[in-house]
4 protein chains.
Amino acid sequence: MCLKLNERKITMKKLKICVIGIKGGISTVLMSGLFRSIKRGVPAGGLLTDTPLFSQCSLPDVDTFEFGGFDIRQIDLYESALQNDQFNVLRLDTEPEIKEWLNSIPIYKGVTLNCGNAISNIAQNGFTHNHSNLREAVSQVCSDLNDFRGKDDCVVVNLSSTEERFVPSESHLSLEGFEKALDNNASDITPGQIYAYSAIKEGIPYVNFTPSTCADIPALVELSNLKKIPQAGKDGKTGETLVKTVLCDMFSIRNLNVDMWYGTNILGNLDGKILDNSNNKSSKIESKKSVLKGCLGYEPASEVRIDYMKPMGDNKVAWDYILFSGFGGAKMTMTFTWQGIDSFLAAPLVVDLVRLIHLASKKGFYGIQNQFAVFFKSPLNSDVNSLVRQYDILKEWVEKLKEA
Amino acid sequence: MCLKLNERKITMKKLKICVIGIKGGISTVLMSGLFRSIKRGVPAGGLLTDTPLFSQCSLPDVDTFEFGGFDIRQIDLYESALQNDQFNVLRLDTEPEIKEWLNSIPIYKGVTLNCGNAISNIAQNGFTHNHSNLREAVSQVCSDLNDFRGKDDCVVVNLSSTEERFVPSESHLSLEGFEKALDNNASDITPGQIYAYSAIKEGIPYVNFTPSTCADIPALVELSNLKKIPQAGKDGKTGETLVKTVLCDMFSIRNLNVDMWYGTNILGNLDGKILDNSNNKSSKIESKKSVLKGCLGYEPASEVRIDYMKPMGDNKVAWDYILFSGFGGAKMTMTFTWQGIDSFLAAPLVVDLVRLIHLASKKGFYGIQNQFAVFFKSPLNSDVNSLVRQYDILKEWVEKLKEA
Amino acid sequence: MCLKLNERKITMKKLKICVIGIKGGISTVLMSGLFRSIKRGVPAGGLLTDTPLFSQCSLPDVDTFEFGGFDIRQIDLYESALQNDQFNVLRLDTEPEIKEWLNSIPIYKGVTLNCGNAISNIAQNGFTHNHSNLREAVSQVCSDLNDFRGKDDCVVVNLSSTEERFVPSESHLSLEGFEKALDNNASDITPGQIYAYSAIKEGIPYVNFTPSTCADIPALVELSNLKKIPQAGKDGKTGETLVKTVLCDMFSIRNLNVDMWYGTNILGNLDGKILDNSNNKSSKIESKKSVLKGCLGYEPASEVRIDYMKPMGDNKVAWDYILFSGFGGAKMTMTFTWQGIDSFLAAPLVVDLVRLIHLASKKGFYGIQNQFAVFFKSPLNSDVNSLVRQYDILKEWVEKLKEA
Amino acid sequence: MCLKLNERKITMKKLKICVIGIKGGISTVLMSGLFRSIKRGVPAGGLLTDTPLFSQCSLPDVDTFEFGGFDIRQIDLYESALQNDQFNVLRLDTEPEIKEWLNSIPIYKGVTLNCGNAISNIAQNGFTHNHSNLREAVSQVCSDLNDFRGKDDCVVVNLSSTEERFVPSESHLSLEGFEKALDNNASDITPGQIYAYSAIKEGIPYVNFTPSTCADIPALVELSNLKKIPQAGKDGKTGETLVKTVLCDMFSIRNLNVDMWYGTNILGNLDGKILDNSNNKSSKIESKKSVLKGCLGYEPASEVRIDYMKPMGDNKVAWDYILFSGFGGAKMTMTFTWQGIDSFLAAPLVVDLVRLIHLASKKGFYGIQNQFAVFFKSPLNSDVNSLVRQYDILKEWVEKLKEA
């Protein structure tokens, strides 16, 4: 069922959005929030693609979106939406139609082969496939993707839980190696890679919003170039890291030396629970820590903590303490506290990315789209970490498209 | 006495720096810090002009600087330097030569005509002139400037206490009006304006690091254009406002709406004591508040407090609380605490400005130099408040100079 | 209509609670919250009188409470309750009966004689009396009080907006002077004093939860002693000051010297709007500032700011910065940020006070009840400001009562 | 050499203070700070025992103290004092006699048998004994203690690095078991236990300021009872935990439910470096976490982080985030930031404890002195964690002594 709520746009082309991890917080907040904004005719809020820069870009309207996706848990979408809006921002209780709408969205059973302990712990019987090998899993995912896509345009976006930290092997370094690994049912091909491979193979643009290593392995970069399919990633930049990547510019422009940057993050949602597992957490911390060097050009003493504290719910609080030195070596400090609702910070970035990768695809761009770095903590194929500089790159790309 | 500590550069051209308010915190920290860095052969720290961008610009070396200036207080420079480095950053007690050096710097008695209560309260008998009228004051200042300058290059920089909030009159709107006001000994020509007028009239580049209204009145802009003398200002951007003008970019690039920005500043130095007077404080608050609109393009509910708390000494702490809304109208907050040593944040900016206005002058630029906006809270002739955008403008100017 | 929701306690004695400012935030949150907790059979939350210490004290049950009161605004109670629970804590939308219940509560028109500008600005035509003089006002209030009380026990509690800062005159220093001032229609008898006088005169225990000067003027202390009626006050200790009065004990017990205590409070509710008027604000600031000396035994440099920032709504955020010195004179700092929902912090204290003053009255106590100091920023007749010490005093009183 | 700087008190009885870890931060700051305060005739600062409560207790004057102790590192005391006063609080560079004085203090080689990796890593050749077994170590320590003590009164205080987390065995549960373990050269008798055993055996009062398990094992409690020697401990309460144990009273007295308490500590001194080893850190975290249950009576979700960040130096910053619920279940938060100089917070507590255990000893008290709980994070034999309640206990003890 399409988000389109009236018949005005009946002839518009749909954009199908296939979400890996469709029952999660970002996904359900995103879908509910769009539903509500379209119904009330108010802006969704927080969308960069709603600013004037993008006004003549023929980006797909949000009311042409049609959602579907994969998951491994039992909960229904409406229930998950309620749980993930614990602060009642969207007042879902006052939106009677949304329950029916959410529960009509097509959901496919997810892949759990090689997913690691933390994730297999949240998978529920009857809501995952018991694939006997990787080829079977790929074949299932491809078939589901085609079933969902039909004859419409489609985008795949990965919003699933962070996978374990990853050491690439021969399986990942070339497409040939990857195919061989699939044949051999290798144990180091993760679900994230299976989805990414299947999407790109079927010709569907792909966005990785998580820190997991998916389409960014050399094998799948090769595939996306071969298939001429755009991909973007990785790890949405929504909170503490977002702040870091603007503050660093201040220290640089004032030539103040950052001696130390300590940050701690507390959160209580499912994302936090998965990250409470050290193998999964290290993927994320690596992603968060790398930006300092990227922004400053040198590496101060630094630490990033992520702690799962259940009572926080979807609220995420980051506290950062920065020690810097200036004239005469004088030591000074800055601290900040960021208190955000995680899913609500992520959701609009996902909408932006879906629209932009679709645009890139339509315009013939393929392979890694590093002009979308502004959305990511670990932008692929880019050493630009400053938010403003990342924005400048996106702006230039958009302006060139408009001129063309 | 020149900062040059050895004979290596005996043939280099001196740059004379005339500081209004030479006994204040910024000035004494600046001079002591440069002395120490030159003597030890270490970078001064916090100088933008020490970054590679400026490496082929023929900026004057800091060891060609020779200081002098005006003041209205009795304290000697060494004593003031000790008091203003209460955290003992510069370890002045371990620099025996500095006392003699500082106390050999020429100091001229300051002007107090029309200076307002807060400032006249800190002026001390025998350390100001008792000019009977404005023309006499101008004539004295011009003579002192020429005495100090001799045959060398010179720059005037205003580091004196913030003057009272200012409503311009006919006296300020044209050079003709200003000259008439001088003749009539008008009560609305302030000391800051007398120094600025004298400097520009004598052909000396002028920088206003304070929020006071000085060379930026139309009359003196006219004069600086007429005399082909560059001027820059105003109000050095060192702390809370500095942070604001990078964080705003983050909210804009994420299309997060800033609903409210509340900030409070506590400080205990002489600057704070003068600002404790409401007429003087309003000059500064006006300067601090304007940047939000400039950066965001709209005006959130906002408040800026400045409170003088003597026990803080030269330590300045700002606490800002920002309420913003995002996807679905979700309300979120960010707070930051900035703990800086005020004079140490300001001093390197003054060095940068002295070097750059000298460069501008040598290259034939005159009138308001808005390419130096990156250093100011209220950049003259510029509606660019974003720190990064201001930096880009400076960079472009420097790069053009280097190409030329 | 009584809060009692079933017939189980039909024979219990009612306690009538007459609220000055019944349409305000504290009052509507208090009534709605009690309704909900009784209906659901869950504790109201935050009540000291629900702790074991009070278990054998024969305090009145909350389901014997019956509310009524005075106000000067038009809004109905349900609408005000909705507005004052902007974070939807009480989920009033899911409580259909509460609207009817709230709107059946008797409300009497309020007194505005000598109320000052800030308060007269929020008074609405048709919802106040146009008394021609003080005696008329007193007579009306007494009549309304008796109408509401009927034959039941009753308590009056002042939750109205903070009145202007007050300088006592002959009118306030003795009962005789007060009566004369009423006869002469003096301009310095405030509404708060009229309500207090009327309540005590009619033999009703009285609690002042505001910083206004009401029953604590010598004239009314005299009256409460004469009439043998207990009174308690003043200014509920709910947030920043609450924290202060525990932290001070820490500094004292460690013999750390507090050099400076700076605090700023931002809030956006009606209370904040009234306090945005400097005459009204000074009442509150005086109340907040006095505790440091009371707790520490000396007076550090200190400042308390209260700023009305509309977007904050009922959220109140305090930021305090404390500079202290220890061994060898070492300077150290502590800061805290308190983020509370103002009405929800105040409401349970009001319930505690209502129950306790009723108990005091039943047990024959009269005049100022300083054993209730634990609830107040400016406890009457008490120089004990430490929260723990105040609690000890209350505890001792309760334990003695239980033994008796 | 005694701290006594003039001959006025030549006949006063000395108090010898033997410090385990005498070259550490607390110890060198303590000695330097006392030297300076005595020389200048100013209070040391931060001493509870300098408050009026203790004025008639015949506590030993600080100028009767004579220091000595054990260590395992090479650095000399003056050098260590300079390093540990990085903020130059004590201006040691302006105290020429202190170098000589510090370097005349007798230092004995320390014990490293069974000390664990983190500590053995900082031990330096030539500055520890290579004892071949426990009995040899005990015999050496006893001989050194007697050498240092001579005929004077003496107190032993443990200020050494935190030992690894400890699981007690038969070796620790009885004095007999302990003696047997010494005979058998058991691997689970730590240096901290060897010092404690030796001190008590030789009849010297003993204070454990660290979180290590030392005299508090049943075997040594038995010994201190048998020998009639007082002991006190453990883990000085100087920062984050200090604040916790006053704030908890506030939540209790307001009946606000603490849902979650998250705290993180960053520090850069040697203490921090040792705690960076997870076995050592867990001793400390256990000590820090237990207070919440002790103060509140229930256990909220909680986490305590300690992170070693070298650039922090001796500065220790704790950030705590507390989530609590009140009336109607409303969720609110409090955060605090504590910025203290670790050694300067600890030093005065050590002085207090030395004086008080000496007093206890003189008055015939022996075994665990739980009336000194106010100084400790993990007070032995006490379930009182509230700072104010702990103070009340000490006060009562002192007042009884004064009456006697």
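Colleague: How many C-beta neighbours does B:Asn255 have inside 10 Å?

Modeller: In this predicted model, B:Asn255 sits in the loop between H10 and strand E7 (257-267) of chain B. A residue is buried at 20 or more such neighbours and exposed at 12 or fewer. B:Asn255 counts as partly exposed because its number inside 10 Å is 19.

Colleague: In which loop is D:Asn185 found?

Modeller: D:Asn185 is a residue other than glycine with a positive phi, near 50 degrees. With 16 C-beta neighbours inside 10 Å, D:Asn185 counts as partly exposed. Its place is the loop of chain D between helix H7 (175-183) and helix H8 (191-201).

Colleague: Which residue does a cis peptide bond join to B:Gly233?

Modeller: Most peptide bonds are trans. Here omega is about -10 degrees, and the bond is cis.

Colleague: What is omega for the peptide bond from C:Gly233 to C:Lys234?

Modeller: C:Lys234 belongs to the loop of chain C that runs between strand E6 (230-233) and helix H10 (240-253). The bond from C:Gly233 to C:Lys234 is cis, with omega near -5 degrees.

Colleague: How many residues of helix H8 (residues 191-201) of chain A are buried?

Modeller: Among the buried residues of H8(A) are A:Pro191, A:Tyr195 and A:Ile200. The buried residues pack against elements of chain A including helix H5 (134-149), strand E4 (153-158) and helix H9 (218-227). The helix is largely enclosed by the rest of the structure, because the buried count, out of 11 residues, is 10.

Colleague: Which residue with a positive phi follows H8(A)?

Modeller: The phi in question is near 85 degrees. The residue that follows H8(A) with this positive value is A:Gly203.

Colleague: Which element gives the most to the side of domain 1 of chain A that touches domain 2 of chain A?

Modeller: Chain A is divided into domain 1 (15-236 + 344-403) and domain 2 (240-340), with 25 Å between their C-alpha centres. The contact takes 25 residues from domain 1 of chain A and 26 residues from domain 2 of chain A. On the domain 1 side, helix H4 (117-122) and helix H14 (387-403) of chain A are the elements that give two or more residues. The one that gives the most, with 3 residues, is H4(A).

Colleague: Which element supplies the largest share of the side of chain A that touches chain B?

Modeller: The contact involves 45 residues of chain A and 45 residues of chain B. Elements that give two or more residues to the chain A side include helix H1 (25-40), helix H10 (240-253) and helix H13 (342-362). By class, this side has 27 nonpolar, 14 polar and 4 charged residues. The largest share, 10 residues, comes from E10(A).

Colleague: What kind of axis relates chain D to chain A?

Modeller: In the contact between these chains, 19 residues of chain D meet 19 residues of chain A. The side of chain D that touches chain A has 11 nonpolar, 3 polar and 5 charged residues. Chain D is superposed on chain A (RMSD 0.0 Å) by a rotation of 180 degrees with 0.0 Å of shift along its axis. That relation is the one given by a two-fold axis.

Colleague: Which residues does C:Val350 touch, not counting those up to four places away in sequence?

Modeller: Nonpolar side chains tend to be buried together in soluble globular proteins. In the largest nonpolar core, of 520 residues, C:Val350 is one of those that touch the most other members. Its contacts, with that exclusion, are C:Ile26, C:Leu30, C:Val157, C:Leu159 and C:Phe209.

Methods. Residues are numbered from 1 along each chain as its sequence is written. Chains are lettered from A and ligands numbered from 1 in the order in which they are written. This is a predicted model: local features need pLDDT of at least 70, side-chain atom pairs count only at pLDDT 80 or more; totals for chains, interfaces and linings use all residues. Helices (H or I, at least four residues) and strands (E, at least two) are DSSP runs, numbered from the N terminus. Two residues are in contact if their C-beta atoms, placed from the backbone, lie within 7 Å. Ala, Val, Leu, Ile, Met, Phe, Trp, Tyr, Cys and Pro count as nonpolar, Asp, Glu, Lys and Arg as charged, and the others, Gly among them, as polar. Copies are superposed by least squares on the C-alpha atoms of residues with pLDDT of at least 70 in both. A nonpolar core is a set of buried Ala, Val, Leu, Ile, Met, Phe, Trp, Tyr and Cys residues joined through C-beta atoms within 7 Å. Domain bounds come from an automatic or database domain assignment.
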